[in-house]
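Student: I would like to go through this model with you, one question at a time. Could we begin with how its strands are arranged?

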Amino acid sequence: MTTATVTGKTDEPVVGTRNYLTEGGVTLRSWLLTRDHKRIAILYTLSITLFFFVGGAAATLIRLNLVTPPGIFTPDVYNRLFTLHGIVMVWFFLIPSIPNTMGNFLIPLMIGAKDLAFPRLNLLSWYLYMAAGLLALFAIVIGGVDTGWTFYTPFSSMYSNGYVVLALAAVFTAGFSSILTGLNFIVTTHRMRAPGMTWYRLPVFVWSNYATSIIMVLATPVLAITLALVAVERLLQVGIFDPALGGDPLLFQHLFWFYSHPAVYIMILPGFGVISEVVPCFARKPLFGYKFVVWSSITISVIGFFVWAHHMFVAGISLYAGLVFSLLSYVIAVPSAIKVFNWTATLHKGWISFDAPMLYALGFIGLFTIGGLTGLFLANLAFDVHVTDTYFVVAHFHYIMVGGMVSAYFAGLHYWWPKVTGRLYHEWWARIAALLIFFGFNLTFFPQFILGYLGMQRRYFSYAPEFQLWNIFSSAGASVLAVGYVLPFFYLGWSLFRGQRAGANPWAATGLEWQTSSPPPTHNFDRTPTVTRPPYQYRPEPEPQDV
Amino acid sequence: MGSMQILPATASSHAADMDWLFAALVGTSGFILLLVFGLMITFCVRYRANSKVERGNRLGRTWRLEAAWTAATFAAFLALYFWGADLYIRIHRPPPDATDVYVVGKQWMWKIEHAGGQREIDSLHVPVGRPVRLVLTSQDVIHDFAIPAFRIRQDAVPGRYETLWFTPTEVGEYPLYCAEFCGTYHARMGGSVVVMEPSDFQRWLDGQGAGPSLAQEGEALFRQYGCSGCHGAASTVHAPRLEGLFGRPVPLEGGGTVIADDRYIRDSILLPRSEIAAGYPPVMPSFAGQIGEDELLKLVAYIKSLADRTAGNTEAGPPAGGKQAGPPAGSAEKDAR
């Protein structure tokens, strides 16, 4: 195990100059035609950052509009803003976020492989993603879409006057990017593990991405078919979902949520993976209940396919369907709860330090727990009848997606930043950002639970005056949150050029990715590593450099 | 500016039950949250890297602990599940004496028709203490009829009848919202539910002008659209008589039976070939695209008003007024689907 080699000089050459950032040239062409999983991960990181700021800008305008009850935008502008926010954040940030950036970069490193199984497909996946993203931006620029990210029929197919088909085409295309990535991860995990890297020696991050990939490959085609059918109905007036043409609007909801509920797990499972890496490292202890954590991921990815109609308790499904889907939704809460208990138990009798990645990870556990518990409220049939389609739902899924997934993304970004860039960032700025995000997030979204129970409905450009106070809290929180999200942009940007050199293993962590230099060489390892131990073999005593 | 309000008004019998469920959910999750946060904070302080506290004798075999907390959480979850499911079943079973009110959503207004023919837009007047059953549909896109003070809501889906019922307990005016995004003015599609003393409500009904009742208007439409030509008493066409039909089982061609509820009547007018009554030739033309949602509701109300009558050559049994007649048809429909 290497010790942290942190030097004070910033102009010192990278330890072992051979690394993926310079090997193979630094021309634009060498980047755009690269087949190196690490370079593709960088391409993805830059692109999803762009989309994060586009979606974030829309969120800022939404919160600005909601400061006063009448609002400041016209209804059509507001409806386009929340649709843009949803489509961009779900399909162009959250779905690809951790898998396509950290998953791409780390899975081969963690299993001791030279690359993913299909490097060309990996690059194609990025090009499809970019094509889809540009198509979505184009639809926004020429006039936007007002259907909401859920594209409910018959509104989307027959009544909306936005550029619905373009937006559908964008999401359709993005789906293929997901499928290719999922396929690549599954094959890579099965076929390319280093000698001695048995399934139970895999880091949980790899397991989580494997579970995610199963969902990507199995669920995404259903989304593609559904969106294509909406386009067919809209363009050719073939009756599929519109009852006026002989179609069934609930059919759309069943098909849409058959993808979109598992997609929630596409968005959160990789986050579980990141947290399962970070917590043991900064608690200096093996992960508590490794097998339970692993199998709860797999369980979630399977049961996740059978809970979709809990989005439809008031949509007109039968009583029996409601009873069954509610029960299954309670069942799937159990493996998520198991994970939270295991992370907490990992802290027990550890040697805990509070570096930025750990602060983000602890923030994740807190926010995810609140998000998960309020999920139980919504899985509850009678309670759901009162709060579905209100701000209670908005608050709940932002706790999971933003409080959970984005916090996990930042935890991972800070944890592996030294590995990816070979540089360290300013620790205190990172800690301040982590705290701002945690408090800003709670101030933004906790009032929305109250608003929802009081009866403020979703997707309202204006609202009754009695809801204003809680909305002002929420918008104030959003500005704190915005500062928290912009800060890393500066201190990480600074670190790229001026940050201290990180050694191969600044956190004294155990994974294979830390055993090669930072940044890693193009082929990852000089010699294929042989694995002899399970993951997370942190020593019971803190190593000297940690104190 | 709004106040620090935390709970909405509680104005129906269901609302009070729901707030107890809410309290149980908050209690259970508050307990789990305190446990997790408490343990996390305790561990983080006690076992921080530079603390010298004893760390020997760590938890060894983990499966007992795992099984224990898995079982404990699941048991707590199950209890909450049954509680919520019980309430949900109850709000889907309207009492037989509920009064029907018909609601049609359209971009961006709620059109409401009372059985006596009184109409209102974006407001719903109901008497306190009496159960009311809403029959909801939509003329264009999906809407959702939400009354937070009653803790209930239901999507109004084009092409379908959905039902929703409540018993108001407090006189007053409560906001009514559309809760399913339906286009530009979604946020403006709403109004209020006015709960009145029964005597005031009767005065309100009377003050709305004495027009024909829904069923009477339906009867006129029944002749206007030529339905009576085949289904009327004098008809020579072999078509089912509609007297005494509503709320009773209808045997279908090719096997199976279906309860003749709102949905069945509506579908039979628009999609006459979908469920053909056994023994009748499928000769009825479809009226899809010719009859609007308001008129359909009136036709249904008319056929429903025939439920207690007997036709000359009745096919169905004598009107028993049993538990399937009238309003419970909506819940029977829910179960059958």
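Student: How many bridges join E5(B) to E8(B), and do these strands run parallel or antiparallel?

Tutor: This is a predicted model, in which local features need pLDDT of at least 70, side-chain atom pairs count only at pLDDT 80 or more, and totals for chains, interfaces and linings use all residues. Residues are numbered from 1 along each chain as its sequence is written, while chains are lettered from A and ligands numbered from 1 in the order in which they are written. Strands are DSSP runs (E, at least two residues), numbered from the N terminus, and two of them pair if DSSP finds at least two bridges between them. B:Val135 stands opposite B:Thr163 in E8(B), and the bridges joining E5(B) to E8(B) number five, with the strands running antiparallel.

Student: Is strand E8 of chain B buried or exposed?

Tutor: A residue is buried if 20 or more other C-beta atoms, placed from the backbone, lie within 10 Å of its own, exposed if 12 or fewer, and partly exposed in between. B:Glu162, B:Leu164 and B:Phe166 point one way from E8(B), B:Thr163 and B:Trp165 point the other way, and all are buried. Strand E8 (residues 162-166) of chain B is thus mostly covered, with five of its five residues buried.

Student: Which elements give two or more residues to the side of domain 1 of chain B that touches domain 2 of chain B?

Tutor: An automatic or database domain assignment divides chain B into domain 1 (8-42 + 62-211) and domain 2 (214-336). With contact meaning C-beta atoms, placed from the backbone, within 7 Å, 19 residues of domain 1 of chain B touch 15 residues of domain 2 of chain B. The elements asked for are strand E1 (99-106), strand E2 (109-114) and strand E5 (132-138) of chain B.

Student: Which element gives the largest share of the side of chain A that touches chain B?

Tutor: The contact takes 75 residues from chain A and 74 residues from chain B. Helices are DSSP runs too (H or I, at least four residues), and the largest share of the chain A side, 15 residues, comes from H11(A).

Student: Over which residues of chain B is the pLDDT below 50?

Tutor: The pLDDT is the predictor's confidence in each residue, from 0 to 100, and its mean for chain B is 85, with 90% of residues reaching 70 or more. Where pLDDT is low, the predicted coordinates should not be read in detail. In chain B, the stretch with pLDDT below 50 is residues 313-337.

Methods
Two residues are in contact if their C-beta atoms, placed from the backbone, lie within 7 Å.
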